[in-house]
Amino acid sequence: MSLSEARTAVQHDLHGRWDTLLEQAAAHRAWWLLQWPGGDPYVPGLLAQDVQEAVHERADPLWPLCPTCRDHALFVEPDLGEDAFWVCHRSGLPIAEVGRLPEQPRTGTRP
Ligand SMILES: [Zn+2]
């Protein structure tokens, strides 16, 4: 997967939020790919992790919210590999492929 495809995938998962953080992470990964030309397959998982780290620091420590437990963030597995998925660490189950995360209820608001 190219960096622009990975960027589109992660942008989908962000559902239009935090574009600036995505831009910064994508720019960093563009540089990284120049150092490691064979790194393309790992880019979606790495970019998702970069963006998650930035979102946790600056905006929302629970992004993306686990749709099953609703009290913790999902994480990306594998750390460095192909076919990156958002996974619930509690159940150990994959929730969605990176780029296919369903629209989420906003954290912090309860009906
Ligand atoms: Zn969970």
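What share of the 111 residues in the protein is buried? Buried residues make up 26% of them. The model shown in these views is predicted.

**Figure 1**
Read along the sequence, the order of elements is α-α-α-β-β-β. The C-alpha trace spans about 45 × 30 × 20 Å along its principal axes. A compact globule of 111 residues would have a radius of gyration near 13 Å, and the protein agrees because its own value is 13 Å. Now look at contacts between residues at least 6 apart in sequence. Of these, 51% join residues at least 24 apart.

**Figure 2. Helix α1 packs against helix α2.**
Helix α1 covers residues 3-14, and helix α2 covers residues 19-35. Their axes lie 11 Å apart. The packing angle is about 155 degrees. Angles over 145 degrees count as roughly antiparallel, so α1 and α2 are roughly antiparallel to each other. Their crossing is right-handed. On the α1 side, the contact uses L3, R7, V10, Q11 and L14. On the α2 side, L22, A26, R29, A30 and L33 take part. By class, the residues of this contact are seven nonpolar, one polar and two charged.

**Figure 3. The loop between α1 and α2 holds H15 and W18.**
H15 has 13 other C-beta atoms within 10 Å, so H15 is partly exposed. For W18 the count within 10 Å is 19 other C-beta atoms, and W18 is therefore partly exposed. A buried residue needs 20 or more such atoms, and an exposed residue has 12 or fewer.

**Figure 4. Helix α2 crosses helix α3.**
Helix α3 runs over residues 43-58. The axes of α2 and α3 come within 9 Å. They cross at roughly 140 degrees, so α2 and α3 are oblique to each other. The crossing is right-handed. From α2, the contact takes in L21, L22, Q24, A25, A26, H28, R29 and L33. They meet V43, L46, L47, D50, V51, A54, V55 and R58 in α3. The residues of this contact divide into 11 nonpolar, two polar and three charged.

**Figure 5. Helix α1 also crosses helix α3.**
The axes of α1 and α3 come within 9 Å and cross at roughly 45 degrees. That angle makes α1 oblique to α3. The crossing of α1 and α3 is right-handed. Which residues make the contact? L3, A6, R7, A9, V10 and D13 come from α1, while V43, P44, L47, A48 and V51 come from α3. By class, the contact has nine nonpolar, no polar and two charged residues.

**Figure 6. A6 sits in helix α1.**
Is A6 buried or exposed? A6 counts as buried because it has 26 C-beta neighbours inside 10 Å. Set aside the neighbours within four places in sequence. A6 is then in contact with M1, V43, P44 and L47. T20 is 14 residues from A6 along the chain. The C-alpha atoms of A6 and T20 are separated by 16 Å.

**Figure 7. A cis peptide bond runs from W63 to P64.**
Omega of this bond is near -15 degrees. Where does P64 lie? P64 is in the loop between α3 and β1. Strand β1 covers residues 75-77.

**Figure 8. A cis peptide bond joins E77 and P78.**
Omega here is about -10 degrees. P78 is in the loop between β1 and β2. Strand β2 covers residues 85-87.

Note on methods. Residues numbered from 1 in each chain as written. Predicted model: local features only at pLDDT ≥ 70, side-chain atom pairs only at ≥ 80, totals over all residues. Helix = DSSP H or I, 4+ residues; strand = E, 2+ residues; numbered from the N terminus. Rg over C-alpha atoms; globule rule 2.2 N^0.38 Å. Contact = placed C-beta atoms within 7 Å. Axes fitted to C-alpha atoms, helices over the stretch in contact; angles between N-to-C directions. Parallel < 35°, antiparallel > 145°, perpendicular 65-115°, else oblique. Left-handed = near helix turned anticlockwise from the far one by under 90°. Nonpolar A, V, L, I, M, F, W, Y, C, P; charged D, E, K, R; others polar.
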